[in-house]
Amino acid sequence: MKDVINKKCPNCGAPLTTEICPYCQNTTGLDTASADMEYPVIECKEAQITFWNVWFPMIFAVSFGFFGFVFPIVFFITTPDAAIAVLLASSLFAIIGVVAFIIGIKPVIRNHVIKRKGKEIEATVYGYMDDNLLLNGTPSQIVKLLVTTKEGPRFILYQLGDIKHPYKINSKIKLLVYKDIFMVKKNEYYFE
């Protein structure tokens with residue numbers, strides 16, 4: 001907020017505090033990281049299936065799972081003398097494999113649940129922020145979405161898992177929502 005002191009909306013001249021002017025509904029050009037959070041933020045669990053949230057952990061699950069579960073069985077049959085050392089090493093691999101599998105299966109379960117039980121709502125794209133996840137040295141993006149709930153307007157910070165800005169600011173997009181699980185429906189994409 002420190003960067004926007006005394007700045008005005010380029011369209012109507014109102015004080016500049018958010019990415020979309022509350023008076024004229026035009027984009028202000030304000031960076032999302034500098035903008036006020038006018039409304040509370042809803043905790044969001046994404047249900048998109050991507051390489052990074054499903055396939056990447058599953059690669060680790062299969063690799064470590066093999067060395068944690070299959071390799072010790074083969075090793076015990078061929079070399080029973082080193083059973084304790086192999087058992088200790090393989091248990092670490094097995095734990096990593098199981099944790100990676102749980103990480104990779106969660107989005108698949110959420111995706112299945114939201115497709116069966118999700119309700120469609122509309123959201124307004126307010127802006128983009130950098131996520132902590134780096135993809136080839138570039139931060140992936142979080143899209144800031146405004147939705148209307150029973151409790152009033154709320155923001156959702158939806159992790160895209162991509163470096164692109166697929167939606168135009170101030171555009172309307174469709175979401176599926178079930179409890180705290182959200183998924184952006186396939187829309188026409190806009191790339192900056």
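This is a predicted model: local features need pLDDT of at least 70, side-chain atom pairs count only at pLDDT 80 or more; totals for chains, interfaces and linings use all residues.

Me: Which helices and strands make up the chain, and in what pattern?

Reply: Helices (H or I, at least four residues) and strands (E, at least two) are DSSP runs, numbered from the N terminus. Here the chain has two helices and seven strands, and along the sequence they follow the pattern β-β-α-α-β-β-β-β-β.

Me: How much of the chain is buried?

Reply: Buried means under 20% relative accessible area, exposed means over 50%, and partly exposed lies in between (1.4 Å probe, protein chains only). Of the 192 residues of the chain, 35% count as buried. Accessible areas come from the Shrake-Rupley method with a 1.4 Å probe, and for residues only the protein chains shown count as cover. The accessible surface of the chain is about 11800 Å², and carbon and sulfur atoms hold 62% of that area.

Me: What share of the contacts joins residues 24 or more positions apart?

Reply: A contact means heavy atoms within 4.5 Å. Among the contacts in the chain with a separation of 6 or more, 57% are between residues 24 or more positions apart.

Me: In what order do the strands form the sheet, and which stand at the edges?

Reply: Strands of a sheet pair through backbone hydrogen bonds, either parallel or antiparallel. Two strands are taken to pair if DSSP finds at least two bridges between them. In this model seven strands form an open sheet with mixed pairing, in the order β1-β5-β4-β3-β6-β7-β2. At the edges stand β1 (41-42) and β2 (45-46); each has a single partner strand, so one side of each is left without a neighbour in the sheet. Within the sheet, β3 and strand β4 (residues 138-149) pair in the antiparallel sense over nine bridges. Met 129 stands opposite Ile 142 in β4.

Me: Is Thr 124 buried or exposed, and what does its side chain meet?

Reply: Thr 124 is found in strand β3 (residues 119-135), and with a relative accessible area of 10% it is buried. A polar contact is a pair of N or O atoms within 3.5 Å; within protein, one must be able to donate a hydrogen and the other to accept it, and residues adjacent in sequence count only if both atoms are side-chain atoms. The side chain of Thr 124 makes such a polar contact with the side chain of Lys 172, at 2.8 Å. Leaving aside neighbours within four places in sequence, the residues in contact with Thr 124 include Ile 20, Lys 144, Leu 146 and Asn 170.

Me: How many salt bridges are found, and which parts of the chain do they link?

Reply: A salt bridge is a side-chain nitrogen of Lys or Arg within 4 Å of a carboxyl oxygen of Asp or Glu. A search of the whole structure finds five salt bridges. One of them joins the side chains of Glu 19 and Lys 144 (3.2 Å, N to O). This pair links distant parts of the chain, with Glu 19 in the segment before β1 and Lys 144 in strand β4, 125 residues apart. Glu 19 counts as buried at 2% relative accessibility, and Lys 144 is buried with a relative accessible area of 1%.

Me: Which residues are linked in a network of salt bridges?

Reply: The network links Glu 120, Glu 122, Lys 174 and Lys 185. Lys 185 and Glu 120 meet through their side chains in a salt bridge (2.6 Å, N to O). Lys 185 lies in the segment after β7 (181-184) and Glu 120 in strand β3, so this pair ties together parts that are 65 residues apart in sequence. Lys 174 and Glu 122 also meet in a salt bridge (3.6 Å, N to O). Lys 174 lies in strand β6 (residues 172-178) and Glu 122 in strand β3, so the parts tied together are 52 residues apart in sequence.

Me: Which elements give residues to the nonpolar patch?

Reply: Patches are made of residues with over 30% relative accessible area and no salt bridge; like charges are joined within 9 Å, and nonpolar side chains (Val, Leu, Ile, Met, Phe, Trp, Tyr) within 5 Å. The nonpolar patch on this surface has about 770 Å² of accessible area together, and Phe 66, Phe 67, Val 98 and Ile 102 are among its residues. The elements that give two or more residues are α1 (51-78) and α2 (83-117); α1 gives the most, with five residues. Phe 67, found in helix α1, is partly exposed with a relative accessible area of 40%.

Note on methods:
Residues are numbered from 1 along each chain as its sequence is written. Side-chain values use heavy atoms; hydrogens and water are left out.
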